[in-house]
Amino acid sequence: MGISQSIRTAVIGAGPRGTSVLERLLANWVPAGPDAALHIDVVDPYPAGPGHVWQPGQSRLYLMNTQSFYPTVIPEEPGLARPLAGHTFDRWRELQREQPHPALTAEERAELTGLDSADFPSRALYGRYLRSTLEELLSRLPAGATVDFHSTTATSVRHTAARATGDGDGSRVTFDVELADGGVLTVDSVVLALGHLESRLSPEQRELQAAAEEFGLLYLPPAAPADVDWSLVPAVKPVLVRGMGLNFFDAMGQLTEGRGGRFLPGADGRLSYLPSGREPLIIAASRRGTPYRAKATLAGYYPDAVTLRYCTESALAKFAETGIRPAFDHDLWPLLHRDALWAYYSTLARSQPGAILTDAKEFLKALEHALHPHAHSAAKWENLVDTVLDIHVRPAHRLNLLGLAAPLAGRSFGSRAELDGAVVEYLLDDARRSALGEDDPVKMTIGALHHGRAVLKTAVADGGITDESWVAGLRGWFESFVEGLASGPPALRAEQLAALVSAGVVRFVGPDPKFGVDRKAGTFTAVSPWVGNRAEDGAGEVVNAVAMVEALAPANRVAVNESPLLEQLLAEGLVRPRLMMTVEGTPVPTSGLDVAPHPYRPLGANGSVTEGLYVLGLQLSAVQWGTAIAAEARQKSGPVYRSGQRTLRDADEIARAILGR
């Protein structure tokens, strides 16, 4: 199929995913003749490049969750059309340090001056990179290509009547894209790169919001942290913060350093906190009762000391090669479990030889035999490992793998002060382990899980595992488990949080918290059954607060979104949520759209492919795992996983389909 003389496409969403599609369209565009034309309409109310999440003007206290060497919006994979412009973020950072662009602000220059490859940049600076990359791309438009940006929202996408193509015979389907400002774009194809969408609140959240209105309390629902007006949170008074993932640390920063407080290094190496007096009393709560574990100090994204032996891309590919559709818990997790155990005990034998009761080489040889997937039946391998550990490893150094993500499990606390002390102990121990890097067995165990997550992303994509295990295994327990271990903040955040507890600025609710409203007192409440439990009624020590912050991202489920465009597409049957079957045979809606690969096109309500309509990014969460993570730049050393630049390959596939290549 040759390239049409005139192609017009709309990209809805101008953040990193939309920018990647734009970049790939221009890189793949080869005019068929002097009159050939490619016109791209980009629709987003937020400035193109950064989009909504990465705005350069946001607080510099909001840090990325990856180091400078990691992210990119420009593909580096062989076989793809060469980029017309742009670099990885790390290369852009180096270039700006050498010769700053005149448009950089004083704040951006100051951050770049102290920002090295292994440091965590602000989201604002990454947004500047995205904007700079887009501007460089637009300055090098190929012949026949034009781009228009529409700073508004797309409210609907509908088929228009067939029209003549101008190619001599036949006709083609086109789309009308209606805009909130009243404009209509008629295009040949549409790319949905919608990114993060607002979602309807859950019934419990609606009740809390209604109570806040009734009693004059403050309730801040799930939102991107940069969208929150933190000045609304009252000083000094207690505020509940639900969630201790990455959004929690954003809230923590805004309510402490963002209000003039300062962290100071102590003579003992620990941080202390000097309050400004304008902080609230932050009372943090999450299901586990502790925040995500901090990242280890490493030279690269993955630890060099860990090489996967069992959960490898070649091992997982054998399932498909032999016609087996694996189950997560039965087939995939046992392989990664082995890698996690090997990473822990091989690091332990190397860094803490006193923990081994026998000769280290003898121990590792016995462990390797016990872990071998084909040496014995699957039902016995864990028992064989336990036997080896009983002989060779001191009991105090045995690994409780699942317990790493729930350090307070099985414990109860007589008072909130006792709980706070336990959490500080956990934070400081975790920060200490992060500083040890590749010499810490726990961090290398997490490193193996981190490696494995990259391998699993390829293995589970596009129906690579059974529906039942996607619902109950991968998304049911493993996702939250591995995120709590491998998706944490820089270690500095753990040290800062410990300092805030010592300064009396932060306290904790405890595991398994329940939230409600004390209508008599007119306050929010939170209680953990494991803290201050009174034997006579089984209740724990209740916390009261005048404000509550949901330190959670919006749900990103297509069925509960508040996007007028997506609601229209669902209502009119151009797209549908994907259903998966549970082990009981019950269909359940997933978080993403039902799509046909490749490239990804949505299935309509009747099951047919909606041709000319493409999907990229978060709305692919029912066929891809980990869609929110940025594309990974190729590292100077270490493994290269296919999942690293998956979104950029997806963008390339979409671009080539639109261009008829």
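Modeller: Gladly! Keep in mind that this is a predicted model. Let's begin with D41, which counts as buried because its relative accessibility is 0%.

Colleague: Which residue does the side chain of D41 meet in a salt bridge?

Modeller: The partner is R8, and the N to O distance is 2.7 Å. The pair links distant parts of the chain: D41 sits in strand β2 (residues 37–43) and R8 in strand β1 (residues 6–12), 33 residues apart.

Colleague: Is R8 buried or partly exposed?

Modeller: R8 is partly exposed, because its relative accessible area is 30%. Buried residues have to be under 20%. D41, at 0%, is therefore on the buried side of that cut-off.

Colleague: How many salt bridges are there in the whole structure?

Modeller: A search finds 37. Another one joins the side chains of E178 and R158, at 3.6 Å from N to O. E178 belongs to strand β7 (residues 175–179) and R158 to strand β4 (residues 154–159), so this bridge ties together parts that are 20 residues apart in sequence. E178 is partly exposed at 34% relative accessibility, and R158 is partly exposed at 30%.

Colleague: Where do R309 and E368 lie?

Modeller: R309 is in the loop between β14 (281–285) and α7 (313–321), while E368 is in helix α9 (residues 360–371), so their pairing ties together parts 59 residues apart in sequence. They form a salt bridge with the closest N and O atoms 2.9 Å apart. R309 counts as partly exposed at 36% relative accessibility, and E368 does so at 35%.

Colleague: Which residues are linked in a network of salt bridges?

Modeller: Look for D90, R91, R93 and E94, which are linked in such a network.

Colleague: Now for helices. How should I think about the sides of a helix?

Modeller: An α-helix has 3.6 residues a turn, so residues three or four places apart point the same way. Now try helix α11, which covers residues 416–436. Its buried residues are R416, L419, D420, A422, V423, V424, Y426, L427, D430, A431, R433 and S434.

Colleague: What covers the buried residues of α11?

Modeller: The cover includes α12, α14 (491–502), β15 (506–508) and β18 (542–545).

Colleague: How far apart are the end C-alpha atoms of α11?

Modeller: They are 30 Å apart, and this agrees with expectation, because 21 residues at 1.5 Å a residue should span 30 Å. After α11 comes G437, with a positive phi near 60 degrees.

Colleague: Can we look at one residue and its surroundings?

Modeller: Let's take L648, in helix α16 (residues 646–658). With a relative accessible area of 2%, L648 is buried.

Colleague: Which residues is L648 in contact with, leaving aside its neighbours within four places in sequence?

Modeller: The contacts are S20, R24, T72, V73, I74, P75 and A631. As for G626, it is 22 residues from L648 in sequence and 14 Å away in space, C-alpha to C-alpha.

Colleague: Last topic: what is the mean pLDDT of the protein chain?

Modeller: The mean is 93, and 96% of the residues reach 70 or more. Over residues 163–170, though, pLDDT stays under 50. For that stretch the model has nine contacts beyond four places in sequence.

Key: Residues are numbered from 1 along each chain as its sequence is written. This is a predicted model: local features need pLDDT of at least 70, side-chain atom pairs count only at pLDDT 80 or more; totals for chains, interfaces and linings use all residues. Side-chain values use heavy atoms; hydrogens and water are left out. Helices (H or I, at least four residues) and strands (E, at least two) are DSSP runs, numbered from the N terminus. Buried means under 20% relative accessible area, exposed over 50%, partly exposed in between (1.4 Å probe, protein chains only). Contact means heavy atoms within 4.5 Å. A salt bridge is a side-chain nitrogen of Lys or Arg within 4 Å of a carboxyl oxygen of Asp or Glu. pLDDT is the predictor's confidence in each residue, from 0 to 100. The expected span of a helix is 1.5 Å times one less than its number of residues.
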